[in-house]
Amino acid sequence: MRAIRALIVLSTATIVLILDAPASQARDLRVCADPNNLPFSNERGEGFENKIAELIAKRLDARLTYVWWAQHRGFIRKTLNDGLCDLVTGTTNGIELLRTTRPYYRSGFAFVTRTDGPVISSLDDPQLHRLRIGIQLVGLDGSNPPPSEALAKRGIVDNVRGYMVYGDYRDDNPAAGIMKAVAQGDIDVAIVWGPTAGYFAARHGPPLRVTLVTPQIDGPRLPMVFDANMGVRKDDQSLLDDVNAALARLKPQIDAILAEYHVPRADLKELESTRSPPNVAAVP
C-alpha cells in the first residue's frame with residue numbers, strides 16, 4: 001500500500017487518481033480506497049472493490065474518482081469525514097463515523113491449510129491444540145480479532161503466531177504473508193479473513209484449502225461472519241439512496257465479480273446463519 005507510484009500528490013498523505021470519463025457525465029463519484037490492498041483494491045484498479053465501484057459509477061452515470069489512502073487508523077475520519085471523498089467500499093455495520101448501505105455480500109474468517117495438511121472446519125477441533133496456528137492481528141497495536149479471542153477462551157495460546165493484517169506495506173500484496181506461511185509450511189493452519197484467504201489460495205502453489213470457520217457466531221459477542229457494506233457521510237442521504245438502488249440492481253454482476261475473486265460467501269442459502277450484532281465492527 002505504501003508502494004505508491006506515478007500519482008499526483010495532493011498532500012503529505014493523500015493521493016488522488018482521476019479516471020477518464022465522458023465529458024457529458026454530470027457528477028463525480030469520489031471513492032476512498034487503499035492503493036495496495038488486494039484482493040480489495042489497489043492503485044491499478046485490480047481489486048474486486050475497484051470493479052464493483054466501476055459498476056456503481058457507470059450505473060449512476062458518474063465519473064469515478066479515487067482518493068488513495070492506506071486503511072490504517074483514522075482512515076474514515078481523515079478521508080470521508082474530512083470531505084475528501086464521498087463513498088467507502090468494504091465497510092460493515094456498527095461504524096459510528098458513517099452510514100452504511102445495504103450489504104452486498106457476507107463473508108467470514110476461514111481456516112487455510114495445505115491440501116495435504118489437516119482438515120479443519122471448527123474452532124472446537126481438538127487438532128488446534130497441537131497445530132501451529134497463524135492468525136491476523138489488526139492495527140498498529142496488534143489488536144486481537146475475533147478468532148484470537150475464540151482460541152484464547154479455549155486455552156489455545158502458546159501455539160499461535162500473529163501476522164499483521166496489512167503485512168509489510170512496502171511490498172506488493174502485503175496481506176498475503178500469512179498465506180505464504182501456510183504454503184511454505186511455517187504454520188499448519190491459518191485463520192484468515194475470507195476474501196483474502198480465497199483470493200490468494202486460488203493463486204498459490206502448492207494448493208491451499210479454504211474453509212469458513214464454524215461456529216459462525218461463537219457466543220453473543222464473538223461473530224466470525226460479517227456483512228460487507230459501503231459507507232457514506234451521515235448527512236448524505238441522497239448518495240446513500242443512489243448507491244443502495246445501484247447495489248440492488250447490480251447484484252448479479254456483483255455476485256459474478258465476487259465469484260471470480262473466490263470470495264467465500266456466508267450469505268448463500270446453504271451457509272445462512274444468525275446475523276452479527278449491529279454494533280460490532282469487522283476486520284479487516
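The legends below describe several close-up views of a predicted model.

Residues are numbered from 1 along each chain as its sequence is written, and side-chain values rest on heavy atoms, with hydrogens and water left out. Because the model is predicted, local features need a pLDDT of at least 70 and side-chain atom pairs count only at pLDDT 80 or more, while totals for chains, interfaces and linings use all residues.

**View 1. Confidence along the chain.**
The protein averages a pLDDT of 84, and 83% of the residues score at least 70; pLDDT is the predictor's confidence in each residue, on a scale from 0 to 100. Over residues 1-24 the pLDDT stays under 50, and for this stretch the model has 53 contacts beyond four places in sequence, a contact being heavy atoms within 4.5 Å. Residues 270-284 also have a pLDDT below 50, and that stretch has 42 contacts in the model beyond near neighbours in sequence.

Helix α7 spans residues 251-260, and its residues Ile-254, Ile-257 and Leu-258 are buried. Helices (H or I, at least four residues) and strands (E, at least two) are DSSP runs, numbered from the N terminus, and burial is judged by relative accessible area, with buried meaning under 20%, exposed over 50% and partly exposed in between (1.4 Å probe, protein chains only). Seen down the axis of α7, the buried residues fall within an arc of 100°, so they line one face of the helix; the arc is that of the directions from the helix axis to the C-beta atoms. As background, an α-helix has 3.6 residues a turn, so residues three or four places apart point the same way. Pro-252, Ala-259 and Glu-260 are exposed on the face of α7 turned away from its buried side. The cover over the buried residues of α7 includes α1 (48-59), β9 (105-114) and α6 (237-249).

**View 2. The segment after α7.**
His-262 is located in the segment after α7, and its phi is near 60°, a positive value in a residue other than glycine. With a relative accessible area of 42%, His-262 is partly exposed. Arg-265 forms a salt bridge with Asp-255, their closest N and O atoms being 3.2 Å apart; a salt bridge is a side-chain nitrogen of Lys or Arg within 4 Å of a carboxyl oxygen of Asp or Glu. Arg-265 lies in the segment after α7 and Asp-255 in helix α7 itself, so the pair ties together parts that are 10 residues apart in sequence. Arg-265 counts as buried at 11% relative accessibility, whereas Asp-255 counts as partly exposed at 21%.

**View 3. Surroundings of Ile-76.**
Ile-76, which lies in helix α2 (residues 75-78), is buried with a relative accessible area of 12%. When residues up to four places away in sequence are not counted, Ile-76 touches Asn-81, Ile-95, Leu-97 and Leu-98. The C-alpha atoms of Ile-76 and Arg-233 are separated by 9.5 Å, although these residues are 157 residues apart along the chain.

**View 4. Salt bridges elsewhere in the model.**
The count comes to 14 salt bridges. In one of them, Arg-63 pairs with Asp-28, the closest N and O atoms being 2.7 Å apart. This pair links distant parts of the chain, with Arg-63 in strand β6 and Asp-28 in strand β3 (residues 27-33), 35 residues apart. Arg-63 is partly exposed at 31% relative accessibility, and Asp-28 is partly exposed at 36%. Asp-116 forms a salt bridge with Arg-114, with 3.1 Å between the closest N and O atoms; Asp-116 counts as exposed at 59% relative accessibility, while Arg-114 counts as partly exposed at 25%. Asp-124, Lys-153, Arg-154 and Asp-218 are linked in a network of salt bridges.

**View 5. Backbone features in loops.**
A cis peptide bond, with omega about 15°, joins Leu-38 and Pro-39, and Pro-39 lies in the loop between β4 (36-37) and β5 (41-42). The peptide bond from Thr-214 to Pro-215 is also cis, with omega near -5°, and Pro-215 is placed in the loop between β13 (208-212) and β14 (225-232). Asp-61, in the loop between α1 and β6 (62-68), is a residue other than glycine with a positive phi, near 55°. Its relative accessible area of 44% makes Asp-61 partly exposed.
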